[in-house]
Amino acid sequence: MRRYKTAALMMIIHGGFMEIGGACCFIPAMLFGSDNFDAEQFFSFKFPYFQDNLNMMIVIGAIYGVVRTIGAIGLLKNKMWGFMLSVINCVITMALMMFLLPAGILDGVLASSALILMLIQYYGDKEISGS
């Protein structure tokens, strides 16, 4: 159970601070207008498509952050749906992290670490049997 709690805390930090916190940058852009607040000076992505659609990327990041946090809360409450939602979210993050460089590096470290902890706790000492 300790590994689940550690993984859940990592996902709350990941979802709360990185994704949802990053989306708070969207509020000044809406208030001051995109002409006066240039979010591109703070965020840059490897692919021009992501950079050109930065406002949508921020909203999508907030959605991922909320879903990641919900899964982590379910995991903290020892619910199987929380475990599955967290595993799915970590796998998707690992698949997408290479497209969101440089921010994807920290995404990958946090999501991969949480996934490893969850899988070690779930499978424990079970071995692969070759019968």
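Contact means heavy atoms within 4.5 Å of each other. This is a predicted model, in which local features need pLDDT of at least 70 and side-chain atom pairs count only at pLDDT 80 or more, while totals for chains, interfaces and linings use all residues. Residues are numbered from 1 along each chain as its sequence is written, and side-chain values use heavy atoms, with hydrogens and water left out.

Q: How many helices and how many strands does the secondary structure of the protein come to?
A: Helices (H or I, at least four residues) and strands (E, at least two) are DSSP runs, numbered from the N terminus. The elements run α-α-α-α-α-α from the N terminus on. The total comes to six helices and zero strands.

Q: What percentage of the 131 residues in the protein is buried?
A: A residue is buried under 20% relative accessible area, exposed over 50%, and partly exposed in between (1.4 Å probe, protein chains only). By that cut-off, the buried part of the 131 residues is 34%.

Q: Which residues does His 14 touch, not counting residues up to four places away in sequence?
A: His 14 lies in helix H1, residues 2-23. Its relative accessible area is 1%, so His 14 is buried. Beyond four places in sequence, His 14 touches Glu 19, Arg 68, Thr 93, Asp 107, Leu 110 and Ala 111.

Q: With which side chain does the side chain of Thr 93 make a polar contact?
A: Thr 93 is placed in helix H5, residues 80-96, and counts as buried because its relative accessibility is 9%. A polar contact is a pair of N or O atoms within 3.5 Å; within protein, one must be able to donate a hydrogen and the other to accept it, and residues adjacent in sequence count only if both atoms are side-chain atoms. The side chain of His 14 has such a contact, at 3.4 Å, with the side chain of Arg 68. At 2.4 Å, the partner of the Thr 93 side chain is also the side chain of Arg 68.

Q: Around the axis of H5, what arc do its buried residues cover?
A: The buried residues of H5 are Gly 82, Phe 83, Ser 86, Val 87, Asn 89, Cys 90 and Thr 93. They lie on the same side of H5, because their arc (taken from the directions from the helix axis to the C-beta atoms) is only 170°.

Q: What phi does Asn 78 have?
A: Asn 78 is in the loop between H4 and H5. Its relative accessibility is 46%, so Asn 78 counts as partly exposed. Although Asn 78 is not a glycine, its phi is positive, about 60°.
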